[in-house]
Amino acid sequence: MRNQIALTFIFLIAITFLLIFNELVYRRLGLKGEITRKFAHFTATLSTITFPYLFNDHWYVLVLASIFFIVLFISRHGTQLKSIHDIDRKSAGSYLLPLSIYLTFLISIKLDNKFLYILPILILAICDPMAGILGINLKNYNHKIQVLGYKTRKTWLGSGSFLMSSFIISLIALYFYRMVFDLKTFWLALGIAVVGTLIELFSGRGTDNLFVPLSVLLMLVVFL
């Protein structure tokens, strides 16, 4: 138990230093808030891939998630974390992220399967910021997606990169998990990529941070 508490404290300090570093980079280099926000999303979320190997109880992750949820929620109207909140849109994504990580971890630990946590969080950590950065910064021939007359906030390049990267990540992860490359590995990876992309496409105001990993988790529970 002491080791678990110590690991929780170490992780808390590490993420705090990451946020401080991210804020300094934002202020000193004058980067766009979207860039520093995505960097923090990528590094912080990817670091939590270690959770199934560090913590054997969900309560430790709940403590971490609660602390960062409160910090990010309270700071959204202040000046302390402009590197996270300085964006030209309304988004709850920053403080939904800790909730998403905790819920995914809770379900995976209850079902006693680390993979149910690892793949959804990998997709959330890598594919979401990749889609955001490409969609925002590459303007040429990159138009907003329209579905049945409804114009979404997502772009063809952003959603396309999400689809391809999530498919490749799922394909590799499923192969190493199942240790066989067969039709099921292929169609399940494709299914995860398509469902994740559709969820990301229609989730507004940062709710994709919650719904993308949970939808991937559901696909794994049902079809794996």
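Trainee: Let's start with M179: buried or exposed?
Mentor: M179 counts as exposed, at 56% relative accessibility. Here exposed means over 50% relative accessible area, buried under 20%, and partly exposed in between, with a 1.4 Å probe and protein chains only.

Trainee: What kind of model is this, and how are residues numbered?
Mentor: It is a predicted model, where local features need pLDDT of at least 70 and side-chain atom pairs count only at pLDDT 80 or more, while totals for chains, interfaces and linings use all residues. Residues are numbered from 1 along each chain as its sequence is written, and side-chain values use heavy atoms, leaving out hydrogens and water.

Trainee: Back to M179, then. Where does M179 lie?
Mentor: In the loop between helix 8 (156-178) and helix 9 (183-202). Helices are DSSP runs of H or I with at least four residues, strands are runs of E with at least two, and both are numbered from the N terminus. M179 is not a glycine, yet has a positive phi of about 55 degrees.

Trainee: And what is phi like at D112?
Mentor: Phi of D112 is near 55 degrees, again a positive value in a residue other than glycine. D112 sits in the loop between helix 6 and helix 7 (115-137), and is exposed, with a relative accessible area of 71%.

Trainee: Are F55 and Y60 buried or exposed?
Mentor: F55 is buried, at 3% relative accessibility, and Y60 is buried with a relative accessible area of 16%. Another pair is Y175 and F176: the centres are 5.3 Å apart and the planes at 75 degrees, so that pair is edge-to-face. Y175 is partly exposed at 32%, whereas F176 counts as exposed at 56%.

Trainee: Which residues form the aromatic cluster?
Mentor: F11, F51, F55, Y60, F105 and Y117 form one cluster.

Trainee: New topic: what lines the second largest pocket?
Mentor: The lining is R37, R76, H77, H85, I87, R89, K90, S91, S94 and Y95. A pocket is an open set of points on a 1 Å grid over the protein atoms alone, where a 1.4 Å probe fits, with protein on both sides within 12 Å along at least five of seven lines; lining residues have an atom within 4 Å of a point.

Trainee: Last one: what is the overall fold pattern?
Mentor: Along the sequence, the protein chain reads α-α-α-α-α-α-α-β-β-α-α-α, which comes to 10 helices and two strands. Of its 224 residues, 48% count as buried.

Definitions and conventions:
Phe/Tyr/Trp six-rings, centres within 6.5 Å; stacked < 30°, edge-to-face > 60°.
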